[in-house]
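Here is a quick tour for anyone meeting this structure for the first time. Take a look at the picture, then read on.

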Amino acid sequence: MMTYDQTYDVIVVGAGHAGCEAALAAARMGCRTMLLTINLDAIALMSCNPSIGGLAKGHLVKEIDALGGEMAKNIDATGIQFRILNTKKGPAVRASRAQADKQLYRLRMKRVLEQQDNLDLKQGEVTSLYLENSQVRGVEIRSGIRYLSQTVVVTTGTFMRGLIHIGLNNYPGGRAGDQPSIGLSDQLRTVGFSVGRLKTGTPARLDIRTIDLSKLETQWGDSPPQPFSFNTERITMPQVPCYIAYTNGRSHDIIRGGLDRSPLYSGVIEGIGPRYCPSIEDKVVRFPEKDRHQTFIEPEGLDTVEVYPSGMSTSLPIDVQIAFYRSIVGLERVEIMRPAYAIEYDYVDPIQLYHSLETKLIANLFHGGQINGTSGYEEAAAQGLIAGVNAALRVKGEEPLVLGRSDAYIGVMIDDLVTLGTKEPYRMFTSRAEYRLLLREDNADLRLRDIGYRLGLICEAEYASFVEKRQRIGCELERLSRTRLQHTEAECAYLSGKGLADIQKGTTLEQLLKRPEISYEDLVELDDVSRETLSGVREQVEIQTKYKGYIDRQLEQVAQAKKLESTKIPTTLDYNSIKSLTTEVREKLLKNRPGTLGQASRIPGVTPAAISIVSIALKSSSWKELAH
């Protein structure tokens with residue numbers, strides 16, 4: 001085994017969406033970083049759907065951008081359809097989504113990585129970690145090279161012992177066309193990690209030339225398209241439509257007829273699949289009352305005929321795939337360019353991680369992405385960013401970055417993972433965030449930009465632009481609070497037209513904007529200064545004014561919750577000595593080893609009474625000494 005003559009600060013294993021963000025973050029923070037991947041031509045490859053964002057996922061992308069990550073900028077530069085979802089609902093659940101030109105997306109990300117200072121890219125399959133005294137010291141690759149480093153971030157995606165299924169045929173692969181990673185998960189299991197098995201899948205890729213688009217519904221994106229990144233001024237890529245199609249009774253009969261050769265239903269697949277993104281055979285079996293299921297036919301790029309039928313993932317045999325795809329109206333003569341498949345892979349139970357994403361068993365080893373049991377590019381990228389940041393902070397000897405549940409969706413996701421673990425692919429939802437009115441897409445920069453700048457991930461020009469925006473918002477909120485209606489003839493006529501003839505003279509613009517009938521656009525008709533306000537400032541002012549009561553209430557809840565979150569539980573706490581705890585609660589606390597009372601309170605089965613008992617125990621003199 002040859003030892004390479006360069007010692008790195010951070011080595012990142014895997015160049016998917018998590019690995020890219022981890023490597024960029026560490027390098028931008030000044031650490032000598034290496035990104036190792038099995039295939040340099042597959043960096044940031046979209047293995048499944050060619051899109052970024054969606055419900056709650058869009059929130060993650062905005063937060064990644066606010067902290068100084070790359071995903072939002074990458075989709076802005078390569079996106080070919082942008083849409084804001086849930087526009088008829090409140091701002092807390094509105095979400096951005098964009099189709100990407102799949103090849104341009106990976107090529108741009110590769111170019112960004114190649115041009116990043118402090119970052120080396122190398123191709124190689126990591127077969128084991130190099131360990132000394134329960135610390136990671138580097139990695140070893142199949143070609144016989146040992147690379148040394150102070151920290152290692154593992155972001156292996158679906159590659160660890162990956163096994164691809166098409167019908168009853170299966171073969172090893174990290175995804176179609178790529179070799180799996182063999183050896184690493186076996187080593188992790190050997191040193192004491194709990195390693196499990198998960199499953200995910202992807203639809204076939206279809207030839208759009210063989211689809212009768214006249215029989216499908218056309219769906220265009222928003223005009224003008226709204227960028228993801230807070231620093232993108234406008235989208236310059238050409239925009240294209242998607243198309244909507246539906247399965248039918250014949251489709252479902254074909255699927256049911258092939259279940260005897262489905263690896264999912266014949267017991268060949270052992271891994272647990274994503275509950276919230278089921279395969280088409282799962283949908284047909286689990287929802288027999290539904291007479292059709294919707295699919296969006298999504299383009300994979302501007303210069304390709306391949307399209308992606310979202311929601312139609314399957315592991316059925318190829319002859320069944322051909323038959324059921326062709327049973328869909330408009331797809332009667334469709335040709336499959338790449339068959340659908342399911343993939344099983346190893347993951348490491350994230351309950352074995354600290355909130356920094358460092359493993360509890362091996363010091364200086366961080367995990368990010370699907371190795372932690374998550375599903376989705378956005379979830380992976382967010383974890384990769386945090387893991388890369390904390391690996392760099394470890395090298396610098398500084399305290400880790402830990403985002404709380406009231407700080408970011410990223411904080412919610414990581415807390416869910418390390419507190420509860422997961423037995424199925426974890427997907428982010430707005431319903432997982434108890435403070436979602438505070439954690440909106442639109443204010444991600446106001447929540448997190450200062451942190452990104454402090455870490456060195458935000459350049460001076462971007463930060464200066466943000467500071468100016470924040471100041472403008474504050475000034476406009478203050479101006480509206482003191483500017484009053486004069487009840488001029490023009491004002492009265494406009495308000496009467498809005499059904500607000502009873503508005504009193506002296507009403508402030510702030511009070512007026514709180515009315516459900518009035519938007520900031522209405523202020524433009526009443527107030528000369530409002531006409532000059534920038535759109536980003538208008539949005540924040542309107543939301544903060546209209547929802548002020550609800551926002552203040554959530555801030556009070558956050559303040560109360562922080563009392564629990566700030567009460568640390570020493571790792572040496574002997575739960576067996578706390579006799580008032582039930583056996584069930586004691587077992588859960590011993591298994592999870594929560595770091596704070598707040599974390600303990602979120603473990604299923606740990607009751608408020610149990611939290612009180614632990615709190616009392618912590619106040620005793622003996623545990624105070626231990627905590628100290």
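Predicted model: local features only at pLDDT ≥ 70, side-chain atom pairs only at ≥ 80, totals over all residues.

## A strand covered on both sides

Five of the five residues of β2 (residues 33–37) are buried, so the strand is largely enclosed by the rest of the structure.

What does β2 pair with? Strand β1 (residues 2–13) pairs with β2 in the parallel sense, over four bridges. Strand β6 (residues 119–123) also pairs with β2 in the parallel sense, over five bridges. Here are some strand pairs and the bridges that join them.

| Strand pair | Sense | Bridges |
|---|---|---|
| β1 and β2 | parallel | four bridges |
| β2 and β6 | parallel | five bridges |
| β3 and β5 | antiparallel | three bridges |

Zooming in on residues, Leu35 of β2 is the bridge partner of Val12, while Thr37 stands opposite Gln123 in β6.

## The open sheet

There's also an open sheet of three strands, in the order β3-β5-β4, with antiparallel pairing. β3 (51–53) and β4 (79–85) sit at the edges with a single partner strand each, so one side of each is left without a neighbour in the sheet. On average, neighbouring strands here are turned by 15° against each other, direction ignored. Within the pairing of β3 with strand β5 (residues 95–100), Gly53 stands opposite Arg97. Helix α2 (residues 57–67) packs on this sheet and touches β3 and β5, its direction making about 80° with that of β3.

## The nonpolar cores

Which residues have the most contacts inside the largest nonpolar core? They are Tyr105, Val389, Leu403 and Ile410, in a core of 75 residues. Helix α9 (residues 377–396) gives this core its largest share, ten residues. Leaving aside neighbours within four places in sequence, Val389 is in contact with Ala25, Met29, Leu401, Leu455 and Leu457. A second, separate core has 23 residues, including Tyr147, Val152, Val195 and Ile371.

## One glutamine

Not counting residues up to four places away in sequence, Gln187 touches Ser128, Leu129 and Leu131.

Methods:
Residues numbered from 1 in each chain as written. Heavy atoms only, no water. Buried < 20%, exposed > 50% of the residue type's maximum accessible area, 1.4 Å probe, protein only. Helix = DSSP H or I, 4+ residues; strand = E, 2+ residues; numbered from the N terminus. Pairing = 2+ DSSP bridges. Core = buried A, V, L, I, M, F, W, Y, C linked by side-chain atoms within 4.5 Å. Contact = heavy atoms within 4.5 Å. Axes fitted to C-alpha atoms, helices over the stretch in contact; angles between N-to-C directions.
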